[in-house]
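Dear colleague,

I am handing over the structure below, and my notes on what was found in it follow.

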Amino acid sequence: MSEAESVFRKPEGPPRVPGARAVRPKNAATVMIVRRDAAKPRVLMGRRHGGHSFMPDRWVFPGGRIDRADYRAPFATDMKPEVGALFDAYLPAGRGRALALAAIRETWEETGLLLARPAPARPAAGPWRGFVAQGALADLDALDIVARAVTPPSVGKRFDTWFLLADAERLMSLDRQADCGELEEIAWVDFDEAQSLPLPTVTRMMLKEAVLRMDDPARPKPFLRYKDRAMRPVHL
């Protein structure tokens, strides 16, 4: 078996303890940043460390779970009205913006890239300290919603993840700053090449969805969740 085949065969997450109730999903967000300065559009992806219990060695979009600090983080621009309204239709007040901020913060921490606008440096607490110290504030207006997906109940670590989309032109720079090193490597990959990488199932689905959405921005936004032991996709 080749190294690539062995990665594909690894489980995407720890299994649920037999007999235990399904784990409650944690709120998370991830962002697909698309670069259009070559013959084909390319998306930013990173490879997770093999020691992670959730999706080891898989290539993913930058993002992660929400942090309390994301509810109070400063920002340069707010979400588009239609984006904020869609979040508010499903979530308690303020959580949608916090999720969008979490996706931008995690992109900075994992890739060293700032989806932000220049701003005077200012004090900030917790995980936002390093971001704001770069002379940047989050550009929430850059984000659109692509889909939402909940990890299957058979997995022992679950997330309720919102998948967002942004253009790389909204990055302050394509040059990486110092990062936390959580992703083993990052790369700009065209959508066809990305499908050959070791991907989580949901990431593979979202790559296809992003391509369709770039052709048809009015396309309905999928909401992927499991019920009665099967995926029951609906639309947001």
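Arginine 35 touches Lys40, Pro41, Arg42, Ala168, Leu174 and Trp188, leaving aside residues up to four places away in sequence, where contact means heavy atoms within 4.5 Å. Please bear in mind that this is a predicted model, in which local features need pLDDT of at least 70 and side-chain atom pairs count only at pLDDT 80 or more, while totals for chains, interfaces and linings use all residues. Residues are numbered from 1 along each chain as its sequence is written, and side-chain values use heavy atoms, with hydrogens and water left out.

Arginine 35 lies in strand β1, residues 26–35 (strands are DSSP runs of E, at least two residues, and helices runs of H or I, at least four, numbered from the N terminus). Arginine 35 counts as buried because its relative accessibility is 17% (buried means under 20% relative accessible area, exposed over 50%, partly exposed in between, with a 1.4 Å probe and protein chains only).

The side chain of arginine 35 forms a salt bridge with that of aspartate 37 at 2.9 Å, N to O (a side-chain nitrogen of Lys or Arg within 4 Å of a carboxyl oxygen of Asp or Glu). Aspartate 37, partly exposed at 48%, also meets arginine 42 in a salt bridge at 2.8 Å, and arginine 42 is partly exposed at 22%.

A further salt bridge joins aspartate 192 and lysine 40 at 3.4 Å; this pair links distant parts of the chain, with aspartate 192 in helix α5 (residues 191–194) and lysine 40 in the loop between β1 and β2 (42–48), 152 residues apart.
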